[in-house]
Amino acid sequence: MTRDAEARQRYALGFSAFTVPAILLLPRTGWLWAASFAAAGAAALAAMIYLRRRTAKGLVRLAAETAAGKGALLAALLWNGLMLGRIAAYLCRAYPSGSAFPLTGLLLLLLAVYAARKGAGAVLRTGAIVFLFLIAFYVIIMGFSLPDLHLSWLKPGGKPRWTALPAVLAPVCVLYLSEGEGAAGKPALWLLGGVMLALLAALVTAGTVSPPVAALEPFPFYTAAKSVKILGAMERLEPLVSAALTAGGFCLLGTLCAANGKILSIFLPQPDRIAALANFLVGGGCVWLSGVVSEGVFAIGMTIFWGVFPFLTLLLASRKNTRKFLKNVLTKSGLSDKITERVRGSKSKTKKT
Amino acid sequence: MKWAYILAAVGLTVAFGLPFREYNTEKLLPVRTVQAARSGSGVRIVTEIGAAEGADWRAAVANLRKSASGDVFFDTAEQLVVCGPSLLPEIVQSGELRPSAQVYYADKLTDPEGLNEYLSAHGSDRTVADVRYALLGEEER
């Protein structure tokens with residue numbers, strides 16, 4: 001497979017994973033905040049993709065070069081385990097009318113573990129296929145919702161839910177999967193698409209159920225989908241919203257499981273079986289444990305392990321690479337010797353004076 | 001290895017139980033118009049499927065579901081006719097009706113036969129979402 005095609009799969013997987021916060025969490029904050037949060041996430045991701053292009057190794061390999069990096073990777077592994085449980089528990093909300101907790105989350109986790117056991121490539125391929133379904137479905141549902149929106153409810157407003165902000169960093173987990181030369185492809189359209197999805201989902205929700213009701217509902221986009229009319233007749237599209245969220249959730253869980261596998265490969269020679277078992281047992285246990293951890297703790301953890309840690313690792317590695325690159329260029333062009341001579345000359349002059 | 005995953009999925013399903021009810025497609029009863037009014041024993045609701053009474057809206061809905069010959073779906077209702085606005089908060093906050101269901105006010109309950117077609121031809125400006133929004137605004141004030 002060409003590097004471009006692989007990069008497209010990576011972006012498609014990231015987009016599919018991003019649909020979970022964009023559909024489940026962000027519509028509760030109002031369209032203005034949802035779009036602002038998504039734009040902030042896109043900017044952070046763009047910076048990381050830019051830095052990743054300047055490094056020759058993947059994020060996990062780069063971090064593993066130092067002892068501190070290895071420690072941070074271990075912490076990220078534990079954090080991802082907790083997040084697996086948290087996301088699995090959250091995905092049970094995809095079926096508001098049934099008592100979906102905990103079976104839906106656990107089955108999705110099991111499926112994600114199975115996909116990740118087949119390798120990161122399997123998760124990437126699934127993400128690319130799921131993306132096509134998700135984009136077609138959300139375009140249809142949002143397109144048919146737009147004509148019936150209450151324009152008076154679309155005034156900019158809403159209260160920012162700061163704890164939901166770091167959730168927009170979810171696609172960063174895809175960076176944990178990349179290896180070798182930096183990512184190719186064109187990420188600008190994908191990032192713009194993500195921001196548009198978050199904006200439209202929040203607009204449709206606010207315009208259908210009103211912003212204060214959206215802030216109170218556990219899954220407001222689902223409630224809004226109950227009112228979609230196709231050719232004047234109300235249709236029951238909300239079960240499809242549940243199905244789409246399930247598919248997006250599978251991509252997010254699969255990405256995390258595959259990322260954990262990559263991290264474990266640093267510490268263990270044959271990590272596949274252990275990674276699968278650990279992902280399911282730790283993630284499954286955390287489905288219940290995550291309920292007692294506060295939203296603030298999750299927000300801080302996501303900021304550190306999906307934001308600060310990958311960004312700093314890539315930043316330090318790209319600076320190191322730039323220095324190496326300059327050194328190579330100077331040596332090859334012979335400028336290095338001239339500079340050394342000049343430096344020596346200036347030192348001897350200062351000694352004489 | 002694949003079998004281990006299939007067995008685990010079966011085990012989880014047996015342990016926690018399927019979260020969905022089984023429906024017989026021949027017995028699905030989608031409601032199109034709901035009428036609600038206060039009665040001597042609490043709340044009376046009338047639909048094309050049948051009528052029921054209960055101490056409050058939820059109880060009346062539950063009684064209608066019990067007495068119906070199939071599975072009643074309230075979130076398919078396109079219109080809500082309320083006799084007495086004091087019932088509205090209870091109905092819209094129950095979440096049984098879809099946000100875009102139109103709200104009408106009436107003096108008394110009428111025969112549901114042909115009511116859906118009549119109301120469809122005479123649309124209402126007010127929806128369940130409007131009422132819920134107005135109620136939240138009142139609570140905040």
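Mentor: The account below starts with the chains, moves to their meeting place, and then turns to the packing behind it.

This is a predicted model, in which local features need pLDDT of at least 70 and side-chain atom pairs count only at pLDDT 80 or more, while totals for chains, interfaces and linings use all residues. Residues are numbered from 1 along each chain as its sequence is written, and chains are lettered from A and ligands numbered from 1 in the order in which they are written.

Along the principal axes, the C-alpha atoms of chain A occupy a box of roughly 90 × 45 × 40 Å. Of its 353 residues, 52% count as buried (20 or more other C-beta atoms within 10 Å of the residue's own, against 12 or fewer for exposed and partly exposed in between, with C-beta atoms placed from the backbone). Among contacts (C-beta atoms, placed from the backbone, within 7 Å) in chain A between residues at least 6 apart in sequence, 83% join residues at least 24 apart.

Chain B, by contrast in its make-up, has five helices and seven strands, arranged along the sequence as α-β-β-β-β-α-β-β-α-β-α-α. Its C-alpha atoms fill a box of roughly 65 × 40 × 35 Å along the principal axes. Of the 141 residues of chain B, 27% count as buried. For contacts in chain B between residues at least 6 apart in sequence, the share joining residues at least 24 apart is 54%.

We may now turn to the meeting place itself. There, 22 residues of chain A are in contact with 17 residues of chain B. On the side of chain A that touches chain B, at least two residues each are supplied by helix 5 (103–117), helix 7 (187–209), helix 8 (211–216) and helix 9 (220–225) of chain A. Helix 5 of chain A gives the largest share of that side, namely six residues. By residue type, the side of chain A that touches chain B comprises 13 nonpolar, seven polar and two charged residues (Ala, Val, Leu, Ile, Met, Phe, Trp, Tyr, Cys and Pro count as nonpolar, Asp, Glu, Lys and Arg as charged, and the others, Gly among them, as polar).

Helix 5 of chain A finds a partner in helix 1 (residues 2–16) of chain B: their axes come within 10 Å and cross at roughly 175° (axes are lines fitted to C-alpha atoms, for helices over the stretch in contact, with angles from 0 to 180 degrees between N-to-C directions).

Helix 1 (residues 3–25) of chain A lies against helix 7 of chain A at an angle of about 20°, the axes being 10 Å apart. The two helices are therefore roughly parallel to each other. On helix 1 of chain A the contact uses Tyr11(A), Phe15(A), Phe18(A), Thr19(A), Ala22(A) and Ile23(A), and on helix 7 of chain A it uses Pro187(A), Trp190(A), Gly193(A), Gly194(A), Leu197(A), Ala198(A) and Ala201(A). These divide into 10 nonpolar, three polar and no charged residues.

Helix 1 of chain A also holds Leu25(A), which counts as buried because it has 22 C-beta neighbours inside 10 Å. Beyond its neighbours within four places in sequence, Leu25(A) is in contact with Ala164(A) and Ala167(A). Tyr90(A) stands 65 residues from Leu25(A) in sequence, yet their C-alpha atoms are 9.8 Å apart in space.

One further pairing in chain A deserves mention. Helix 4 (residues 67–91) and helix 10 (residues 238–267) of chain A pack at about 160°, with axes 10 Å apart, which makes helix 4 of chain A roughly antiparallel to helix 10 of chain A. Their contact includes Leu73(A), Leu77(A) and Met83(A) of helix 4 of chain A and Leu252(A), Leu256(A) and Ile263(A) of helix 10 of chain A. In total it draws on 16 nonpolar, four polar and one charged residue.

Methods: Helix = DSSP H or I, 4+ residues; strand = E, 2+ residues; numbered from the N terminus. Parallel < 35°, antiparallel > 145°, perpendicular 65-115°, else oblique. Contact = placed C-beta atoms within 7 Å.
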